[in-house]
Amino acid sequence: MDYKIEDDIFITLVSFKSYGIKPFKLGSIVKLIKEPDNDYDCEAISVSLRFAGYSAYVANSVETVIKGTMSAGRIYDKILDEDYAQVKFISRDSIIAKLLTNDEIDELRKDPENDLNFI
C-alpha cells in the first residue's frame, strides 16, 4: 500500500543506541523501519543513519513524545514499512525530525551523494 505524506508531520527520536545523539546532524536523512515483531512495542519504528546504522527509535510514550510531534503509534499507518525523515531540531536528549513527502524523497534521490541513496 502506498501512502502519501502531504502535511508537515514531525516526530521525536529517542533511545539513542550507544552513540548518543553524536552522529545526528541538522539536515541528516534518517530511515524509518517498522518493527512489527518487536517484543516490547508492536508499533516500534527504528531509525537508521547512513554511517551509524540503527541509532534510535521514534518515541511512542507520553513521557518521551515532544508536544507538537507525533508518536510512532500515530504515524505507524501513515508510513511505508521503510520510509524517511529529516532531522530538523536537536536538543541534549531528543531529536525532532520531519517525515519526508514522496516529492521530497524523489528530489533528494536526484543527488547521487545524498544519504537517502545509501541507507
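This is a predicted model: local features need pLDDT of at least 70, side-chain atom pairs count only at pLDDT 80 or more; totals for chains, interfaces and linings use all residues.
Leaving out residues up to four places away in sequence, I found Asp 83 touching Val 30, Lys 31, Leu 32 and Ile 105 (contact: heavy atoms within 4.5 Å). I placed Asp 83 in strand S5, residues 82–90 (strands are DSSP runs of E, at least two residues; helices are runs of H or I, at least four; both are numbered from the N terminus).

I then checked the charge of Asp 83. Asp 83 is buried (under 20% relative accessible area, 1.4 Å probe, protein chains only) and has no salt bridge (a side-chain nitrogen of Lys or Arg within 4 Å of a carboxyl oxygen of Asp or Glu). The nearest side chain of opposite charge, Lys 34, is 7.7 Å away. A polar atom of the Asp 83 side chain lies 3.1 Å from the backbone nitrogen of Leu 80.

I turned next to Leu 32. Beyond four places in sequence, its contacts include Ile 11, Val 47, Val 58, Asp 83 and Leu 99.

I recorded 23 residues in the largest nonpolar core, with Leu 32 and Phe 24 among those having the most contacts inside it (a core is a set of buried Ala, Val, Leu, Ile, Met, Phe, Trp, Tyr and Cys residues joined through side-chain atoms within 4.5 Å). A second, separate core of 6 residues includes Tyr 84 and Ile 105.

On conventions, residues are numbered from 1 along each chain as its sequence is written. Local features need pLDDT of at least 70, side-chain atom pairs 80 or more, while totals for chains, interfaces and linings use all residues, and side-chain values use heavy atoms, without hydrogens and water.

How values were computed: Buried means under 20% relative accessible area, exposed over 50%, partly exposed in between (1.4 Å probe, protein chains only). Lys and Arg count as positive and Asp and Glu as negative; His and the chain ends are not counted. A polar contact is a pair of N or O atoms within 3.5 Å; within protein, one must be able to donate a hydrogen and the other to accept it, and residues adjacent in sequence count only if both atoms are side-chain atoms.
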